[in-house]
Amino acid sequence: MQQSINHDIILLDCNLYNSCVWLSIFWIVCVIISWVGSAFLIDASLEAFQTSAISFVVETSYRDWNTRFPSIVVCEMRNMERIQAIADRLWGEDHDFAMEEVLNEIGYFRGESYHTVNECAGEDMAENCFFDNFTAYAELVRSTCMETLEDCYWNDKPFDCCRYFQPMETELGLCYAVNSLQTSAKVPIKLNMISNKHTGPGKLTITVLTEAYVYTIGEEEVPNLITPKSDVLLVDHYIAYKRHISIKDIENDPEAKQVSVSQRKCRFPDENNLNVHRFYSYSACSVQCRKDKQIKICNCTSHLMPNTEPHLKCNMSGLICLNEHYEDLTIVIPKWSVGRRGVVCDCLPSCTEVDIGIVHDSRESIFDSDRRYSTIEIQLSALPTERYKRNVVRGRLDLVVSVGGTTGLFVGASLLSFVEIFYYFTVRPYGTRYILKLKRNVGPYKH
């Protein structure tokens, strides 16, 4: 009888043991599945946070908008009368006329210097050649603001041209810009160039006294060697130009600045990592690319390059090098182009760049026997009815909520749970050992 009871007890223990084993295995499998599921969802949340944090939408609530007029930049293209006067002053009236072409290339340098190399780098060198300090000669050649602009109007109201068209150093030389962030002035003076339902489409009218390039660009952009031709007016004498443009702005969510640059894939103007200009833009970044490539190839850079130390500006041998590598330094190519000549510029767009379209261009001949000039009228064809909006759809708080919800659903854990795990394996064993040690040292408590 006793043996039968012992046998039943042993069977019961075995059944309980097997049940506990299977329950333990089931529990471990459930825990593993929960952790794996949680890990997959957290990884998906992190991936979405990194790659899909921003969304673009089109807004059409245009009745409430204030539209900023784009920046207008005037860069002198050439002034042969002034060059002739400077050459006469430097070398006398009987100078070699080929030196006027040299002065023209130095003053309005655009990457090539055929006449300079031909006249001053060969065996038959011209008599009055100069071999360095090209910046000083460029400053002599280029016209001042008062010699470039006059009679400026915003919405048919006159304003002081040279008060608001401020100097801007560019890789094309000294230009004059209105409504731009990139001017050389420490405290920019801005004209209130706002268009809305109360003012109507804005219109800028200026008179240009020299042959010039007139750029219509965003306020953070700069004129450069690769500015699209559609953004540039080639201004000659005795012509009245009219250009009608359309604008689409980009409005940014206030939280967009809290998102990293790699996530939103653009930079705000004040997130500048360049040294050629004070504010970031795609065009400023491309100028920085060319500067770096010029220094890498020729150990110097163009004498017109903005914000460049004098010892880094090219002398005659450097100018010859820039001329020889013209295609390598001026043509922008994508980074996957193998074997092509050019410079790779892996530049991000500006977060505030504006989409400017040309609606209509026209020109008419004018003639004034007393002087040479041209007039330019740039006008919004209509108030914009659409603009882009950059929204943050997955911010840092969204990531925290997503990760917390996932761990709570699959694991039943919270931040406090992880604190308890840390406490259980670190603080608690140390505290237990400390109390036991204290009891051994003190001994039993006696009344």
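Is Arg-264 buried or exposed, and what is its relative accessible area? Arg-264 is buried, because its relative accessible area is 5%, where buried means under 20% relative accessible area, exposed over 50%, and partly exposed in between (1.4 Å probe, protein chains only). The structure is a predicted model, in which local features need pLDDT of at least 70 and side-chain atom pairs count only at pLDDT 80 or more, while totals for chains, interfaces and linings use all residues. Residues are numbered from 1 along each chain as its sequence is written, and side-chain values use heavy atoms, with hydrogens and water left out.

Side chains of opposite charge can pair when their charged atoms come close. Arg-264 forms a salt bridge with Glu-271, with 2.8 Å between the closest N and O atoms; a salt bridge is taken as a side-chain nitrogen of Lys or Arg within 4 Å of a carboxyl oxygen of Asp or Glu. The structure holds 16 salt bridges.

Another of these pairs is formed by Arg-387 and Glu-59, whose closest N and O atoms are 2.9 Å apart. This pair links distant parts of the chain: Arg-387 belongs to strand β18 (residues 387-392) and Glu-59 to strand β1 (residues 54-59), 328 residues apart. Helices (H or I, at least four residues) and strands (E, at least two) are DSSP runs, numbered from the N terminus. Arg-387 and Glu-59 are both buried. The two residues also take part in a network of salt bridges that links Glu-59, Glu-251, Arg-387 and Lys-389.

A further salt bridge is formed by Arg-82 and Glu-147, with the closest N and O atoms 3.3 Å apart. Arg-82 lies in helix α2 (residues 80-91) and Glu-147 in the loop between α5 (134-141) and β4 (149-154), so this pair ties together parts that are 65 residues apart in sequence. Arg-82 counts as partly exposed because its relative accessibility is 22%. Glu-147 likewise counts as partly exposed, at 36% relative accessibility.

The cysteines provide a second kind of link. A disulfide is a covalent bond between the sulfur atoms of two cysteines. A search of the whole structure finds eight disulfides, each being a pair of cysteine sulfur atoms within 2.5 Å.

One of them joins Cys-266 to Cys-351, with an S to S distance of 1.9 Å. The link of Cys-266 and Cys-351 is right-handed, with 95° about the S-S bond. Distant parts of the chain are linked here: Cys-266 is in the loop between α7 (261-264) and α8 (282-298), and Cys-351 is in the loop between β15 (343-344) and β16 (355-365), 85 residues apart. Cys-266 and Cys-351 are buried.

Another disulfide is formed by Cys-285 and Cys-347, with their sulfur atoms 2.1 Å apart. The link of Cys-285 and Cys-347 is left-handed, with -80° about the S-S bond. Cys-285 lies in helix α8 and Cys-347 in the loop between β15 and β16, so the pair ties together parts that are 62 residues apart in sequence. Both Cys-285 and Cys-347 are buried.

In the disulfide of Cys-300 and Cys-314, the sulfur atoms are 2.0 Å apart. The link of Cys-300 and Cys-314 is right-handed, with 90° about the S-S bond. Cys-300 and Cys-314 are each in the loop between α8 and α9 (316-324), 14 residues apart. Cys-300 is buried, as is Cys-314.

Cys-289 counts as buried because its relative accessibility is 14%. Cys-345 is buried, with a relative accessible area of 11%.
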